[in-house]
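Me: I would like to learn how to read a sheet and its loops in a protein model. Could you take me through one slowly?

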Amino acid sequence: MTKAIPLVLLCLLAACGLSALDKAAPGSMAAAPTPLLPRGAPNGSVELDRNGDGVVDYRVYYDARGKVAREELDFNFDGKMDTFYYYKDGVLQREELDTRFNGQIDIWVYLLEGTYVQRYERDLDGDGKPDIVRDFGGK
Ligand SMILES: [Ca+2]
Ligand SMILES: [Ca+2]
């Protein structure tokens, strides 16, 4: 037993906290801290076909200063965007996820400083309104 153990335990606890959030947002659809293409032409947009099937599955929009403003992702490659990231001044503010792939957002994640989850909302019954709200506080 060493003094390092409490720190390891703390890390495990932190990992548990994160994985609980992961469980609510299946797969790797959780936070993407950095945009795929963070800079681009002012007010422009870029489309990508990540899996090469001829269907666009990633789209990014830039603000007037060429910083990323919004990203859209087709996570399950069914041709419909299901994961949305909203930025302000290039910093991630909000994620919206359609985890049932039915065209309706069912998870909203609000971020602080682009990293910390400030608020988490989930729609369980498919009416488009959150049933679970977790507010982690912050500013
Ligand atoms: Ca594709
Ligand atoms: Ca999709």
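Reply: Eight strands form an open sheet in the order 1-2-3-4-5-6-7-8, with antiparallel pairing. Its edge strands, each pairing on one side only, are strand 1 (45-48) and strand 8 (132-135). This is a predicted model, in which local features need pLDDT of at least 70 and side-chain atom pairs count only at pLDDT 80 or more, while totals for chains, interfaces and linings use all residues. Residues are numbered from 1 along each chain as its sequence is written, and chains are lettered from A and ligands numbered from 1 in the order in which they are written.

Me: What counts as a strand, and what counts as pairing?

Reply: Strands are DSSP runs of E with at least two residues, numbered from the N terminus, and two strands pair if DSSP finds at least two bridges between them. Here strand 5 (residues 91-97) and strand 6 (residues 107-112) are joined by four bridges in the antiparallel sense, and glutamate 95 stands opposite valine 109 of strand 6.

Me: Is aspartate 89 buried or exposed?

Reply: A residue is buried if 20 or more other C-beta atoms, placed from the backbone, lie within 10 Å of its own, exposed if 12 or fewer, and partly exposed in between. Aspartate 89 is exposed because 11 other C-beta atoms lie within 10 Å; this residue sits in the loop between strand 4 (83-88) and strand 5, and has a positive phi of about 55° although it is not a glycine.

Me: Where does phenylalanine 101 lie?

Reply: Phenylalanine 101 is in the loop between strand 5 and strand 6, and is partly exposed, with 13 other C-beta atoms within 10 Å.
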